Amino acid sequence: TRTEMASIPLGFNIDIPRWDQSTFMGRLKHFFNVTDPRTVLVPEKELDQAKAMVESCRAGLVPPGSSQEQLLYAKKLYDSAFHPDSGEKMNLIGRMSFQVPGGMALTGCMLQFYRTVPAVVFWQWVNQSFNAIVNYTNRNAASTVSLRQLGVAYITATGTALATAVGLNLYTKRAPPLLARWVPFAAVAAANCVNIPLMRQQEIINGVTVTDKDNNELGQSRRAAVKGIAQVVVSRIAMAAPGMIILPIIMERLEKIPFMQRIRVLHAPLQVLLCGGFLLFMVPAACALFPQRCSLAVADLERELHDSIMAKHGDKVPYVYFNKGL
């Protein structure tokens, strides 16, 4: 109740990011905070308490004695576990904070077990299943996706990854060993180009909600959806690239050392740990490549929406804004 609550610190707005989101470094700091893998260990009860605190703060009230640091930590937990559009709690596997532990295990195994077709098929299938969950979880929540569309997206992306991986795996049998180690990255990149647009096809078909700078809704735009999804595809490929391109070079050289040849059983765990090191930096860096609150010039919108905005607002709304997803 109001008597049990205290006013928030003067001038404090919990929804304004702590760092400037118009710069890459500001976004990088923001996503280092939001994708912190330690948040996956936070109990559900504590996440729910964080959401309650954030919602209370938005209403202008917080529990008495709460410090600004406590409010910022609650917002960190909220951003890591709840969808920015719907406010619903995201499944654990789909959260960006799970990308480091989940991605390091899958990427390490894909890079280690690339020599035989059965191993390639199994790990690419597991990875695409993981990606499908992540893509669905981080879509623009205003666009609904049917089970049939989910199934088509999943099967198509998995088929693309398997075809790319198996085809290149067979093609590189006589090529230098390093080329064979890069096959998993080629498969992952190809699958991302298929998986994400298909998983979010409703956004392309029906458009996403665009707003002015004050979050007043202006309409639905397909062009905005295409721009947002294209940026997400680039980010996901960039997220995987350093680990899946540089790590094979490192392992190729390490495996020639006599000591490493005597401890082959530890090669897979070593690759997993090294992948974790890459992802610890690359997950926030890739998310920070583009602003999550994406913008598009009104002049670049569909003619009908452009005319509607111009008729109502004239030149007062030069840009529209929307959540591109992650």
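**Figure 1. Helix 10 and helix 12 are roughly antiparallel to each other.** The model shown in this and the following views is predicted. Angles over 145 degrees count as roughly antiparallel, and the axes of helix 10 (residues 222-254) and helix 12 (residues 267-287) cross at roughly 150 degrees. These two axes come within 9 Å. The crossing in which helix 10 passes helix 12 is right-handed.

**Figure 2. Residues at the contact of helix 10 with helix 12.** From helix 10, the contact takes in Ser-235, Ala-238, Met-239, Pro-242, Gly-243, Ile-246, Leu-247, Ile-250, Met-251 and Leu-254. They meet His-267, Leu-270, Gln-271, Leu-274, Cys-275, Phe-278, Leu-279, Met-282, Val-283, Ala-286 and Cys-287 of helix 12. Sorted by class, the contact holds 17 nonpolar and 4 polar residues, with no charged residues.

**Figure 3. Segments annotated as "transmembrane region" in UniProt.** The unreviewed UniProt entry places this feature at residues 151-171, 178-198, 228-251 and 272-291. In the predicted model, residues 151-171 are 100% helix and 0% strand, and the end C-alpha atoms of this span lie 30 Å apart. Residues 178-198 are 95% helix and 0% strand, with 32 Å between the end C-alpha atoms.

**Figure 4. Buried residues of helix 1 (residues 24-34) and their cover.** Gly-26, Arg-27, Leu-28, His-30, Phe-31, Asn-33 and Val-34 are the buried residues of this helix. Their cover includes helix 3 (68-81) and helix 12.

**Figure 5. Arg-95 in the loop between helix 3 and helix 4 (99-112).** Arg-95 has a relative accessible area of 3% and is therefore buried, the cut-off being under 20%. Apart from neighbours within four places in sequence, the residues in contact with Arg-95 are Glu-44, Leu-47, Ser-80, Ala-81, Lys-89 and Met-90.

**Figure 6. Asn-215 in the loop between strand 3 (208-211) and strand 4 (217-221).** Asn-215 is not a glycine, yet has a positive phi of about 70 degrees. Most residues other than glycine have a negative phi. The relative accessibility of Asn-215 is 54%, so this residue counts as exposed, for which the cut-off is over 50%.

Notes: Residues numbered from 1 in each chain as written. Predicted model: local features only at pLDDT ≥ 70, side-chain atom pairs only at ≥ 80, totals over all residues. Heavy atoms only, no water. UniProt positions renumbered as here; feature names shortened; annotations may be inferred. Helix = DSSP H or I, 4+ residues; strand = E, 2+ residues; numbered from the N terminus. Axes fitted to C-alpha atoms, helices over the stretch in contact; angles between N-to-C directions. Parallel < 35°, antiparallel > 145°, perpendicular 65-115°, else oblique. Left-handed = near helix turned anticlockwise from the far one by under 90°. Contact = heavy atoms within 4.5 Å. Nonpolar A, V, L, I, M, F, W, Y, C, P; charged D, E, K, R; others polar. Buried < 20%, exposed > 50% of the residue type's maximum accessible area, 1.4 Å probe, protein only.
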